[in-house]
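Reader: I'd like to learn how to read this kind of model. Could you walk me through it, starting with the ligand?

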Amino acid sequence: MLGYEYSFHSLISVSYSQVLGGKKKTNSLNLSPVSVRRFNSFSLLKNKPIVDNVPSETDATWHEYTCPGGSKNLSINIRLLPKEVSFDSIFGFNNTGNVCIWPSEEVLAYYCLKHSNMFSGKRICELGGGMTCLAGICVAAASNATHVQLTDGNENSVKNVHHIVKHNRARNIFGNTDIHARCLRWGTDLDSCKHLEKFDYILSADCLFFEEGRMDLIDTIDFLLKPGGEALVFAPTRKNSFNEFLQLASSVFFCSVVEKYDDVVWKSHLEMLSQSSGVYEKDLHYPMLLLLQKTEAPTE
Ligand SMILES: C[S@@+](CC[C@H](N)C(=O)[O-])C[C@H]1O[C@@H](n2cnc3c(N)ncnc32)[C@H](O)[C@@H]1O
């Protein structure tokens with residue numbers, strides 16, 4: 001799992017200089033030398049590369065994810081896109097979900113695994129799940145949810161999620177849970193979701209940074225949730241972006257913010273804070289849990 005501090009500005013400006021400066025003549029860019037490698041994981045899930053047994057039609061790589069100490073014998077195979085991204089993709093739709101699995105997604109996945117009973121008999125939708133939708137995949141693998149819908153607005157992310165679903169379906173890890181992946185852009189794609197049955201839970205990790213998308217994300221959650229349903233949103237406070245989202249969301253949902261939602265995550269957070277390297281910063285890296293509850297429709 002790789003971690004990068006994300007800043008579109010620095011990615012794009014350095015990429016520009018790579019290309020315009022003639023250092024890179026290909027139409028793809030390797031992000032590793034230009035991105036600042038920072039905190040990348042709370043080490044809640046174990047992952048090891050799968051070296052054989054999996055089709056490798058590109059330089060995407062497969063990894064087995066397990067949850068040490070988890071109640072179920074979970075083994076999920078996850079396909080990760082290469083670090084090298086095409087020049088086009090940087091200027092196409094938001095590409096941040098194809099860079100790595102961000103710590104908020106890892107924490108969301110871990111939280112869902114620990115609380116998998118709450119999903120029994122329910123319909124779940126993940127929004128902005130990136131190239132893996134790891135949390136939604138974990139829900140489908142570890143719970144008795146009836147339906148899991150995995151979504152992101154980036155078509156390359158969704159293609160990758162299709163690979164993951166197909167591969168793990170063939171491994172028979174989803175039991176009776178119906179699982180699908182599709183491209184869903186907040187706000188703009190709601191018309192195409194009219195036919196979808198509403199969801200009991202929405203999951204979302206690290207999707208609050210984009211100022212222009214916040215109200216669309218809120219509208220999408222509101223549109224997709226059943227009355228009485230709940231969204232579990234994990235994200236760092238990151239430069240007030242969390243608070244700005246919370247302010248907007250408070251006009252639509254009953255909101256609660258939980259800082260200490262899990263002892264293991266909190267312990268790992270405190271350990272990392274105490275390390276003197278300064279790589280880990282609470283504001284940038286510690287995922288807060290925001291619960292958005294949609295009130296029941298008033299009875300006539
Ligand atoms: C920082 S990434 C997080 C991905 C993943 N949840 C994780 O934490 O690893 C933000 C994700 O939001 C998606 N996104 C951003 N704006 C969106 C929009 N308007 N509609 C749908 N998805 C969007 C991006 O494609 C990206 O996958």
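This is a predicted model: local features need pLDDT of at least 70, side-chain atom pairs count only at pLDDT 80 or more; totals for chains, interfaces and linings use all residues.

Reader: Which polar backbone atom is 2.8 Å from a nitrogen atom of the ligand?

Author: That one belongs to Gly-128. A ligand nitrogen is also 2.7 Å from a side-chain N or O atom of Glu-105, and a backbone N or O atom of Gly-153 lies 3.2 Å from a nitrogen atom of the ligand. On its own the ligand exposes 580 Å², of which the protein buries 95% (Shrake-Rupley areas with a 1.4 Å probe; for residues, only the protein chains shown count as cover).

Reader: What kinds of residues make up the shell around the ligand?

Author: The classes go like this: Ala, Val, Leu, Ile, Met, Phe, Trp, Tyr, Cys and Pro are nonpolar, Asp, Glu, Lys and Arg charged, and the others, Gly among them, polar. Here the shell splits into 10 nonpolar, eight polar and four charged residues.

Reader: Is helix H4 mostly covered or mostly open?

Author: Buried means under 20% relative accessible area, exposed over 50%, partly exposed in between (1.4 Å probe, protein chains only). Helices (H or I, at least four residues) and strands (E, at least two) are DSSP runs, numbered from the N terminus. Helix H4 (residues 134-142) is mostly covered, with nine of its nine residues buried; among them are Leu-134, Ile-137 and Cys-138. Ser-143 sits in the loop between H4 and strand E7 (147-152), and counts as buried because its relative accessibility is 6%.

Reader: Where is Asn-156?

Author: Look in helix H5 (residues 155-170). Asn-156 is at 37% relative accessibility, so it counts as partly exposed.

Reader: And what should I make of phi?

Author: Most residues other than glycine have a negative phi. In this model, Ser-43 has a positive phi near 55°, and Lys-239 has one of about 50°. Ser-43 lies in the loop between strand E1 (28-30) and strand E2 (46-49); Lys-239 is in the loop between strand E10 (225-235) and helix H7 (241-249).

Key. Residues are numbered from 1 along each chain as its sequence is written. Side-chain values use heavy atoms; hydrogens and water are left out. A polar contact is a pair of N or O atoms within 3.5 Å; within protein, one must be able to donate a hydrogen and the other to accept it, and residues adjacent in sequence count only if both atoms are side-chain atoms.
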